[in-house]
Amino acid sequence: MSIRRKDIMICGFALFAIFFGAGNLIFPPYLGVISGDHWWLSSLGFTLSDPFFPILGVIVSMSLGGNPDDLGKRVSPTFARITGTIAILLIGPLFSVPRTGATTHEVFVQSFFPESPQWITSLVFFGFTLIIALNSSKVIDTIGNFITPALLITLALVFVAALLNPPATMKSIQEPSLFAMSFKEGYQTMDALGASLMAGIVITDLKRRGYSDGKTQLRAGIYIGLVACILLALVYVGLTYAGATVSSIYTPETDRTTILIGMIDHLLGPIGRIAMGIIVALACFTTAVGLTSTCGNFFNTISNGKLSYKLIVIVTVMVEFFMSLFGVNGIINIAVPILTIIYPAVMVLILFSIFDRKIKSRWTYIGGIIGASIIGSIQGIHLFGIMNGFTILSKTAKWSRKLPLHQMGLEWLLPALVFALVLTVIAHFFLERNQTLSK
C-alpha cells in the first residue's frame with residue numbers, strides 16, 4: 001500500500017498537538033532568558049532532548065509493536081509494566097497534569113484576578129476535568145481542533161514580533177554548561193516518558209486509515225515523526241529566540257510563567273497576553289482530560305478490570321488537585337531530581353531498542369540501564385540535597401560531571417555502554433552457558 005501524503009501531514013500535526021502540551025510553553029522562553037545572545041545553543045540542547053528523543057521513542061516503540069510496555073519488555077515483562085506504570089504516573093497525576101492546572105492559574109487566571117488563590121482555580125479546573133473524563137464527550141475534540149491552530153498562529157505572531165520589534169537588546173551571556181543545562185531542561189517536558197503510549201495512538205490511527213501492514217505502518221510512522229519533530233523544533237526555537245529578546249529584562253531567578261507572560265506582554269501587548277492566556281487555559285484543559293483518561297484506562301487494563309475506570313479517575317483527579325497547589329515552580333522543583341534519576345535510563349532504552357534485532361542478550365539492556373541509572377541517581381540525589389539546603393554526594397556528582405559528553409548532558413552514555421558490554425560478556429560466558437549446560 002502506498003503512503004498518502006495527506007495522511008502523513010494530518011497524523012504528523014496530530015502527534016505534534018499531543019506532544020505540545022501547554023506546559024511545554026514555559027521552558028523555551030526561560031532558556032532564552034538564561035542564554036541571551038547564545039539562544040541558538042540552548043535551542044540545540046533543548047531540541048535534542050525534546051523533540052528528538054520523544055519522537056525517536058515513538059518510532060522505536062512502533063518498530064517493537066506499539067504497546068505501552070514494549071519499550072522495556074526485553075528486560076522482563078515485570079520491568080516493562082513497572083516502567084509503564086512509573087511513566088503514566090509522572091505524566092499523569094504527579095507532575096504533568098497538576099502543572100496544567102497551575103499553569104492555567106498563573107498564565108490565565110492571574111491576568112484577570114491577580115489575588116485569586118490557586119486552590120479556587122484548581123477546584124474549578126479539576127472539577128471540570130473529572131466531569132469530562134468520566135463522561136465521553138465531543139467537547140474536548142472540538143476544543144482540540146480549534147486550539148492547536150490558534151496556538152500556532154499566536155506563537156507565529158510572537159516570533160514575528162520578536163524578529164521585527166524586539167523589546168530589548170539580548171544580554172551577552174557566557175555559560176560553558178549552557179548546552180547541558182538546556183538538554184536537561186528538556187526532561188521537564190516528560191515527553192520521552194510517553195513515547196510508547198504515543199506510538200500506540202499513531203498505530204491505531206494508521207490502521208483506521210487502512211494501513212494494515214506493519215512495515216508500511218513503521219515507514220509511515222517515520223514520516224509522521226519527522227513532521228511532528230520539525231514542527232516542535234520550530235516552535236521551541238522561536239520561543240527560545242523570543243525569550244532571548246527579553247533576557248536583559250528578566251533574570252534566571254524569575255519564575256518561568258512570569259517570563260512567558262511578560263514576554264507576550266512586551267511583544268503583543270495586553271490583548272496578546274489575554275489571548276495567550278485563554279488559549280493556554282483551553283490547551284491545558286484538553287491535556288488534563290486526555291492524560292487523566294489515559295491514566296484511568298491504563299490501570300483499568302493492567303488490573304484486568306479489577307480497578308474500575310471511574311474509581312481510578314476520581315483518585316487521579318484528587319491527586320492532581322493536591323499537587324497543583326504547589327504551583328508551577330513548586331512542581332518543577334519536585335520533579336527535577338526525580339526526572340534526573342529516571343530520564344537517562346529511559347533514553348538508554350530508546351537508544352538500545354534501535355538495535356533490538358542485533359542485541360541478543362537482555363543483559364545488554366540491563367547493563368545499560370544500570371550504568372545510566374547510577375549516574376542519574378548520583379546527580380538526582382545531589383540535586384535534591386542542594387534544593388533542600390544540605391550537601392550529599394557532592395564529590396561523586398562533581399566526578400560525574402567530568403565524564404565524556406558531560407558538556408552535552410550525556411555523561412550517562414559512556415557508563416551505560418560500559419555496563420552493557422560488561423554484563424553482556426558475563427552473561428555470554430557464565431550465565432547463558434550455565435543455562436545451556438543445565439539443560
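## Gln379

Gln379 counts as buried because its relative accessibility is 8% (buried means under 20% relative accessible area, exposed over 50%, partly exposed in between, with a 1.4 Å probe and protein chains only). The model is predicted: local features need pLDDT of at least 70, side-chain atom pairs count only at pLDDT 80 or more, and totals for chains, interfaces and linings use all residues. Residues are numbered from 1 along each chain as its sequence is written, and side-chain values use heavy atoms, with hydrogens and water left out.

Gln379 lies in helix H14 (residues 362-387); helices are DSSP runs of H or I with at least four residues, numbered from the N terminus. Leaving aside residues up to four places away in sequence, Gln379 touches Lys184, Thr340, Ser400, Arg401 and Glu411, where contact means heavy atoms within 4.5 Å.

## Helices H4 and H13

Helix H4 (residues 77-94) packs against helix H13 (residues 327-353) at an angle of about 130°, and their axes are 12 Å apart. H4 and H13 are therefore oblique to each other (angles under 35 degrees count as roughly parallel, over 145 as roughly antiparallel, 65 to 115 as roughly perpendicular and the rest as oblique).

From H4, Phe79, Thr83, Ile86 and Leu90 meet Ile338, Leu339, Ile342 and Leu349 of H13. The residues of this contact comprise seven nonpolar, one polar and no charged.

## Nonpolar core

The largest nonpolar core has 119 residues, of which Phe20, Leu25, Leu193 and Met263 touch the most other members (a core is a set of buried Ala, Val, Leu, Ile, Met, Phe, Trp, Tyr and Cys residues joined through side-chain atoms within 4.5 Å). Helix H11 (residues 256-302) supplies the largest share of this core, 18 residues.

Definitions and conventions. Helix = DSSP H or I, 4+ residues; strand = E, 2+ residues; numbered from the N terminus. Axes fitted to C-alpha atoms, helices over the stretch in contact; angles between N-to-C directions. Nonpolar A, V, L, I, M, F, W, Y, C, P; charged D, E, K, R; others polar.
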